[in-house]
Amino acid sequence: MLKYEVLKYLENSDGFLSGSKISSFLGVSRNAVWKAVKQLEDEGYCFEKSTRLGYKLIGETSELSQYGIRKYLSGDFVREVEVLDEVSSTNTYLMERGSKGEKEGLLVVAKRQTGGKGRRGRHFHSPEGGLYFSLLLRPKKDYEGTSYLTVMTAVSVMDAIREILHLPVGIKWVNDIYLDGKKCAGILTEATVDFETGGVAYAVVGVGINLNAKIESFPKEIRDIACAISGENTYDCKNRLVATVVNKLVENLAYFNYDKGAIIEKYRKGSVLIGKRVNVIREEGGQIARVSGITDEGHLLVVYDDGREEELYFGEVSLCLKD
Ligand code: BTN
């Protein structure tokens, strides 16, 4: 594509390169070069422009962009990156693409979601400013359904936020990321079963990170339990944060074959629940318990006040921190 050929020249140039030089190198009109530069800007590239000197590629933009994300992605697992201004839900979007045969490795990032989804049919508040993205996978092995995908994603999100934003976030079983006792990010894994093999045909892992939002703008019912990460570099870090979560997830997926135990150990170490009192909420009502651990399968172990122990499975209960 012409725009990428133009980009190659600008990337390899130390300073400004004039439109007429590029047009004669490529044998196209100056207008075609101008259009290509415009398209690159829409993808997130930044140029300094001078009528006399031409174009110069400059540093990165804080805007979410294909280019900005690609720059930080390692390996070739991610085949394609799509950045959307608005979508109902990046998970729903990718589940639809998956149903049409899309190959794994498509990463979709949205600047806002109008119907962001959380676990157990909840809504995930997704205003402009936050990060909402999903990755399409076609797992070749069994991750106990998809439970371990959620575990690996939680560890990846925690590690990426710690590394890039230097914040002491932790994991609240099973799929929430917590900062100072409040939820700042959530993970939703969805999958479709292949009825012939009984395995997962394709899965979508979705991550939502609350960034740069005022808590007053959150729906009333979550204001006490949610928070948004803010601070100087939260505006500029978005592309890097998405890519780092994805890089870590891809690494964890590969590592899973060798040492599943090490991944669970990270999940356990990152847990904000161990030793804490929680309300174990089921349809019939809640019951107070103390969290005693997390099993090698990622299940939560709790001890009720009457001394009874229980192993809680994914998706079975919801938990509310008591202290
Ligand atoms: C939860 O809070 O239970 C999980 C929230 C997951 C939200 C992310 S945002 C990107 C992706 N698209 C969605 O609709 N949901 C996930």
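I take a polar contact to be a pair of N or O atoms within 3.5 Å; within protein, one must be able to donate a hydrogen and the other to accept it, and residues adjacent in sequence count only if both atoms are side-chain atoms.

**Entry 1: conventions.** I note that the model is predicted, that local features need pLDDT of at least 70 and side-chain atom pairs pLDDT 80 or more, and that totals for chains, interfaces and linings use all residues. Residues are numbered from 1 along each chain as its sequence is written, and side-chain values use heavy atoms, with hydrogens and water left out.

**Entry 2: the ligand.** An N or O atom in the side chain of Asn 175 is 3.3 Å from an oxygen atom of the ligand. For Ser 89, a polar side-chain atom lies 2.7 Å from a ligand oxygen atom. The side chain of Thr 90 places an N or O atom 3.1 Å from a nitrogen atom of the ligand. The protein buries 98% of the 410 Å² that the ligand exposes when taken alone (Shrake-Rupley method, 1.4 Å probe).

I then recorded which elements form the shell. At least two residues each come from α5, β5, β8 (182-193) and β9 (200-209); helices (H or I, at least four residues) and strands (E, at least two) are DSSP runs, numbered from the N terminus. The largest share, four residues, comes from β8.

**Entry 3: salt bridges.** I searched the whole structure and found 18 salt bridges (a side-chain nitrogen of Lys or Arg within 4 Å of a carboxyl oxygen of Asp or Glu). One of them joins the side chains of Asp 85 and Lys 111 at 3.3 Å, N to O. Asp 85 lies in the loop between β3 (80-84) and α5 (90-99) and Lys 111 in the loop between β4 (106-110) and β5 (131-137), so this pair ties together parts that are 26 residues apart in sequence.

I also noted Lys 183 and Asp 176, whose side chains meet in a salt bridge at 2.9 Å, N to O. Asp 176 counts as buried at 9% relative accessibility, whereas Lys 183, at 23%, counts as partly exposed (buried is under 20% relative accessible area, exposed over 50%, partly exposed in between; 1.4 Å probe, protein chains only).

A further salt bridge joins the side chains of Asp 305 and Arg 277 (3.2 Å, N to O). Asp 305 is in the loop between β12 (300-304) and β13 (309-312), and Arg 277 is in strand β10 (residues 277-282), 28 residues apart. Asp 305 counts as exposed, at 56% relative accessibility.

Finally, I recorded a network of salt bridges that links Arg 79, Glu 82, Arg 97 and Glu 102.
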